[in-house]
Amino acid sequence: MIYKIRQDKDGKKFLQTSLKGKALMFHPLLNKSNAFSEKERLQFNLEGKLPPAKESLKIQTERAYKQYEGFKNDEAKSIFLHVLYNTNEILFYKLITEYINEITAKLYTPTVSMTVKHYSMQYRQPRGMFISLEDTDKINNVLANRTNKELDLLVVSDGEAILGIGDQGIGGMGIPVAKAAMHVAAGGISPYRIAPLFIDVGTDNSDLKNDAMYLGLRRNRLRGKDYVGFIQKVIDKIYKEFPDIVIHFEDFSKNNARMLMKHYGEKRPCFNDDIQGTAVIVLAAIMTSLKYKKEKISDQRIVLVGPGAAGLGVIDAIRHHMEKEIGNKEEALDKIWVVGRNGLLIDHENIDLDLKRYARDESILSSWSRNDLKEVISQVKPTIIIGMTGQAKLFDKEVIEMILNQTEAPIILPLSNPSSQSECVPQDIVDTSDKKVHIATGSPFTIMKEGVEKEVSQCNNIYAFPAIGAAMVAAKAKALTVEMMQAAAEAISEYTHRKYSEKEMITPKLGDLQNVTTAVAEAIIKRGASQNMIKLSEEEAMKRLKELQWQPEYLDYEYIEKLT
C-alpha cells in the first residue's frame with residue numbers, strides 16, 4: 001500500500017503516502033504538480049523539482065483548458081486528455097467537470113473509437129490492470145498488485161465487440177479506461193476506488209496480429225469451453241476478493257455478453273452497459289417522445305434492425321415496458337418486429353433461443369413480395385424504427401420517405417456509432433419532409449432547420465451507466481433487475497420532459513449529466529429497495545450515495561514511512 005485516505009478529528013479528509021520526490025510526482029493519482037504546498041515540498045523532498053509558484057487547482061484548470069484549446073483536431077485533443085490523465089488525475093477530472101459539454105465527446109463517444117484503433121501506436125503509459133491467458137496461474141498476483149487497494153467498481157472488457165468497429169484486441173482497453181473516467185466525472189465514483197481491467201484472450205483481427213507495434217497476445221481468440229472457463233475464473237476470483245464490487249462488463253461479443261449476464265447477472269452486482277445501459281437510454285428516449293405525442297407504448301408498431309447484444313437488450317426492455325402496460329405478453333410481442341441480416345426474423349430450428357420469442361412464423365411471408373427492410377416497413381408501417389446495425393446509410397432516402405408517408409410524428413433512432421456508421425444522417429430526415437419527427441442518434445449530430453442550427457438528441461449510454469454504477473455501489477446492490485432499469489429510464493425521461501418540453505428534445509444534454517445521474521441513481525435505489533435487491537435500507541443507501549459523491553479537489557498530504 002502506497003497511500004491511504006484518512007479523516008482528522010474534524011472529519012476533514014487527508015492523504016497519507018509513503019512516496020517521495022519524483023516517485024510521488026510521477027504517480028498520476030497523487031501528483032499535484034505546482035499545487036504542492038511549501039510544507040509538502042519540504043516533507044516529500046520536492047524542493048527544486050518544481051517552479052516556485054504555489055498554484056490553485058483553479059489556475060491549473062484554466063491553463064489545461066487553454067492547452068486543450070490549442071489542439072486543432074479531435075484526435076489531438078483526445079491524446080492531450082489521455083496524457084493529462086496519466087500525469088495528474090485530479091486536474092484531469094476537474095477539467096472534465098468544468099467543461100463537460102465539449103470534452104466528453106473527445107474523451108468518450110465518438111472520438112474514443114480512434115483511441116481504440118490506434119491504441120498500440122499511441123501507447124505512452126499503461127493504465128488499469130491487464131490479465132492475459134499467460135496469467136492463468138497468476139491471477140491472484142495481478143489482483144494483489146493493483147494500485148487501488150480498495151475497489152468499488154471494475155470496468156471489464158475483452159475487446160471483441162467494440163461497437164461499430166469490432167474486434168480491436170488489446171486496443172479495447174481504451175473503452176474501459178474511458179468508461180471508468182466517466183464513472184468518476186459523471187457518477188461521482190472515487191478514482192481511488194475504481195479501475196479498468198482488460199482480459200486478453202487473443203484477437204481474430206489479422207491486421208493487429210501482423211502489426212509490429214501490437215501490444216496484445218498474438219494468437220487467435222480463445223473460444224468455447226476454454227474461454228468460458230478462463231473468464232469465469234477471473235471474475236470468480238474478483239468476487240472472492242471483493243464480494244460487493246460492481247462489475248461493469250463492456251464490449252464482449254453477443255454470445256459472451258449474454259453468457260456472463262446469465263451466469264452472474266441475477267446473483268452478483270454487475271451489469272453490461274451495451275445491453276442494459278443502452279436499453280435504459282433508448283427506452284427513456286421513447287418514453288419522452290410518447291409524452292410529446294400523448295400516446296402509449298401499446299399504441300406503437302416497433303421495428304428494430306440489428307438484433308445483436310445491444311439490440312436484444314433494447315427490445316427486451318421495450319417489451320417489458322409494454323407488457324407492464326398491456327398486461328399481456330403475446331399482445332406485446334405482436335407489436336415488435338425484428339429485422340436481421342436476412343430480413344424479418346423468421347422462426348426456424350437454428351434460431352438463437354434469446355431471439356426466438358421475437359421470430360415470426362414463416363407463413364407471414366406468403367403475402368409479401370420479398371423479405372427485406374423496405375418490405376417490412378411497407379407491411380408493418382412502424383411508428384418507431386431503431387437501427388443498431390453499424391451499417392451506414394441503411395435508412396436511405398426511400399426508407400425515410402416510406403416511414404414519413406406512413407406515420408404521423410414517427411420516432412426514428414439511428415443508433416450506431418461512430419457517426420460515420422449511423423444508419424442515417426439526421427439532416428437527411430429533416431430535408432425529406434417538414435413533418436414532425438422525433439429523432440435521437442448514437443453519436444453527436446446537429447441539424448439546420450429554418451436557418452437555425454439545432455442539437456439532435458443523443459441516446460448516449462453516459463446518461464445511464466454512471467448512475468447505475470453509483471446506485472449499485474452506494475446501495476450494495478445484490479443485482480440489477482429489469483424493474484430497476486425501468487426506473488432508470490423513467491427518471492431520465494421525466495428529467496428530459498420537465499426541462500426540454502418546449503424544445504421537444506427526447507434525451508438530456510451533456511450539461512445536465514451530473515443532475516441526471518443523481519436523479520437516476522436515486523430512482524434505481526428506490527426501486528431496488530422496494531424489491532429487496534439492495535443490502536442497505538433505502539434511507540441508508542440514499543445517505544451513502546451522497547457521502548460517496550467524489551469531487552475533484554486536492555487533499556493535504558502527510559508523509560508516513562510505512563502504511564498499515
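Leaving aside its neighbours within four places in sequence, which residues is Asp354 in contact with? In this predicted model, the contacts of Asp354 are Arg258, Lys262 and Leu312.

**Asp354 and its surroundings**

- Asp354 sits in the loop that runs between β10 and α17 (373-380).
- Leu312, one of the contacts of Asp354, is 42 residues away from Asp354 in sequence, while the C-alpha to C-alpha distance between the two is 8.0 Å.

**The sheet of 7 strands**

- An open sheet is built from 7 strands in the order β10-β9-β8-β11-β12-β13-β16, with mixed pairing.
- The edge positions belong to β10 (343-344) and β16 (457-458); each has a single partner strand, so one side of each has no neighbour in the sheet.
- Helix α15 (residues 309-326) packs on this sheet and touches β8 (302-305), β9 (336-340) and β11 (384-387). The direction of α15 makes about 165° with that of β8.
- Strand β13 (residues 438-441) runs parallel to β16 and is joined to β16 by 2 bridges.
- Within that pairing, Thr441 is opposite Gln458 of β16.

**The sheet of 3 strands**

- A further open sheet has 3 strands in the order β1-β2-β17, and its pairing is mixed.
- β1 and β17 are the edge strands, each with a single partner, so one side of each lacks a neighbour in the sheet.
- From one strand to the next, the twist averages 30°.
- Strands of a sheet are paired by backbone hydrogen bonds, in either a parallel or an antiparallel sense.
- Strand β1 (residues 3-7) pairs with β2 in the antiparallel sense over 5 bridges, and Ile5 is opposite Leu15 of β2.
- The two strands β1 and β2 make a hairpin with 5 residues between them. In its turn, Gly11 has a positive phi of about 85°.
- The pairing of β2 with strand β17 (residues 556-559) is parallel and extends over 4 bridges.
- In that pairing, Leu15 is opposite Tyr557 and Thr17 is opposite Tyr559.
- Strand β2 (residues 13-17) has 4 of its 5 residues buried, so the rest of the structure largely encloses β2.

**Helix α3 against helix α5**

- Two packed helices are described by the angle between their axes and by the distance between those axes.
- For helix α3 (residues 57-69) and helix α5 (residues 89-98), the angle is about 70° and the axes are 9 Å apart.
- α3 and α5 are therefore roughly perpendicular to each other.
- From α3, the contact is made by Leu57, Gln60, Thr61, Ala64 and Tyr65; from α5, by Ile90, Leu91, Lys94, Leu95 and Glu98.
- Sorted by class, this contact of α3 with α5 has 6 nonpolar, 2 polar and 2 charged residues.
- Thr61, which belongs to helix α3, is buried, with a relative accessible area of 4%.
- Leaving aside neighbours within four places in sequence, Thr61 is in contact with Leu91, Lys94, Leu95, Glu98 and Tyr99.

- The 12 residues of helix α4 (residues 74-85) should span 16 Å at 1.5 Å a residue, and the end C-alpha atoms are 16 Å apart, which agrees.
- Buried residues in α4 are Ala76, Lys77, Ser78, Phe80, Leu81, His82, Leu84 and Tyr85.
- These buried residues pack against α3, α5, α6 (100-107), α7 (112-117) and α10 (174-187).
- α4 and α6 pack with their axes 8 Å apart, at an angle of about 95°.
- α4 and α6 are therefore roughly perpendicular to each other.
- On the α4 side, Asp74, Lys77, Ser78, Leu81 and His82 meet Ile103, Lys106 and Leu107 of α6.
- By class, the contact between α4 and α6 has 3 nonpolar, 2 polar and 3 charged residues.

**Helix α12**

- Tyr227, Phe230, Ile231, Gln232, Val234, Ile235, Ile238 and Tyr239 are the buried residues of α12.
- An α-helix has 3.6 residues a turn, so residues three or four places apart point the same way.

Key. Residues numbered from 1 in each chain as written. Predicted model: local features only at pLDDT ≥ 70, side-chain atom pairs only at ≥ 80, totals over all residues. Heavy atoms only, no water. Pairing = 2+ DSSP bridges. Contact = heavy atoms within 4.5 Å. Axes fitted to C-alpha atoms, helices over the stretch in contact; angles between N-to-C directions. Parallel < 35°, antiparallel > 145°, perpendicular 65-115°, else oblique. Nonpolar A, V, L, I, M, F, W, Y, C, P; charged D, E, K, R; others polar. Expected span 1.5 Å × (residues − 1). Buried < 20%, exposed > 50% of the residue type's maximum accessible area, 1.4 Å probe, protein only.
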